[in-house]
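Work through the exercises below with the sequence and the structure at hand. Each task is followed by a solution in steps.

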Amino acid sequence: MRRSLNLHLRPSLWGLALARYLRSWWYMTHLGAVALVMALSPSTYNRANRLAAARYIYASTWQVLPWFGVASSLVSLVIIRIVLVTARSYGLSHFALEMVVRVLVLELIPLAAAMFVALRASMAFDASALGLARAGLSPQAATEEAMRRMRRDLVPQLLANSFAVLSLAMVTSVIVLVLAYLNVYGLLPWGVGDYTRTVGRVFSPTVTVGFVLKTLFFGLAVALIPTAAILELQRYPRRLSSTVQPGAVRLLFVLLVIEAASLALKYI
């Protein structure tokens, strides 16, 4: 609080604050690039790293998939009923199914999956999450410790969080598509042809590729940004001035930017 007050009262510090802000973004980008290179390197996947990745994937995806699917299905069912009833009241029932698919499956479900994985796996404020909290370490020593552990801990976590976002979004999307059919056509089979035409019209090749890429970017953001912020605090411990999870605001900002860019590319 005192630092924020001094920053507003002393414009001479604005340049320093801007430099630190840009340096923070550069550190995050550099760390992400290094982690991605390691993730694509065959030498990373030795037996220990494969086992670590499997444990992280199990904890971040399989343990939460059933009840996340149930919770998302209940919320989606309420939204589907609202959309259907509203569309029928205005005589637009033939647009209701397409609206449900576009709003729920393409936009809300991937964002909800990313937020859920972020809140569960990355938003707990624990500077020792990667075993990097070492009293008395210099910034250089902390950086070396971070690089040593990156291959063992960061890459499996990146893969697990990205896989979790993608898996939760895909599985929940399939469930919502089934619920949408049941709400529109019931248990009768004669709506399958019209339903597949509507869904196929929405999921054009371009939209499908954009949907997958957006979900992957969500997963990478969730995996990288909070971790990069924690590692940065090990290099610059004087910057720790709040108990808020490091990188939380930046993660929300990046998720919203990805979502806004996806909407702009699809509808503008």
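**Exercise 1.** Why does Phe217 count as partly exposed?

Solution. The model is a predicted one. Start with the location: Phe217 lies in helix H8, which covers residues 205-235. Next, take its relative accessibility, which is 46%. Partly exposed is the class between under 20% (buried) and over 50% (exposed). Phe217 therefore counts as partly exposed, because its relative accessibility is 46%.

**Exercise 2.** Name the residues that make the nonpolar surface patch of about 400 Å².

Solution. Patch members need over 30% relative accessible area. The patch consists of Val209, Val212, Leu213, Leu216 and Phe217.

**Exercise 3.** Describe the secondary structure and the burial of the protein chain.

Solution. Count the elements: the chain has nine helices and zero strands. In sequence order this gives α-α-α-α-α-α-α-α-α. Then turn to burial: 42% of the 268 residues count as buried. The accessible surface is about 15000 Å², and carbon and sulfur atoms contribute 72% of that area. Finally, consider contacts with a separation of 6 or more: 82% of them join residues 24 or more positions apart.

Conventions:
Residues numbered from 1 in each chain as written. Predicted model: local features only at pLDDT ≥ 70, side-chain atom pairs only at ≥ 80, totals over all residues. Heavy atoms only, no water. Patch = residues over 30% accessible without salt bridge, like charges linked within 9 Å, V, L, I, M, F, W, Y side chains within 5 Å. Areas by Shrake-Rupley, 256 points an atom, 1.4 Å probe, with all protein chains shown as cover. Salt bridge = Lys/Arg side-chain N within 4 Å of Asp/Glu carboxyl O. Helix = DSSP H or I, 4+ residues; strand = E, 2+ residues; numbered from the N terminus. Buried < 20%, exposed > 50% of the residue type's maximum accessible area, 1.4 Å probe, protein only. Contact = heavy atoms within 4.5 Å.
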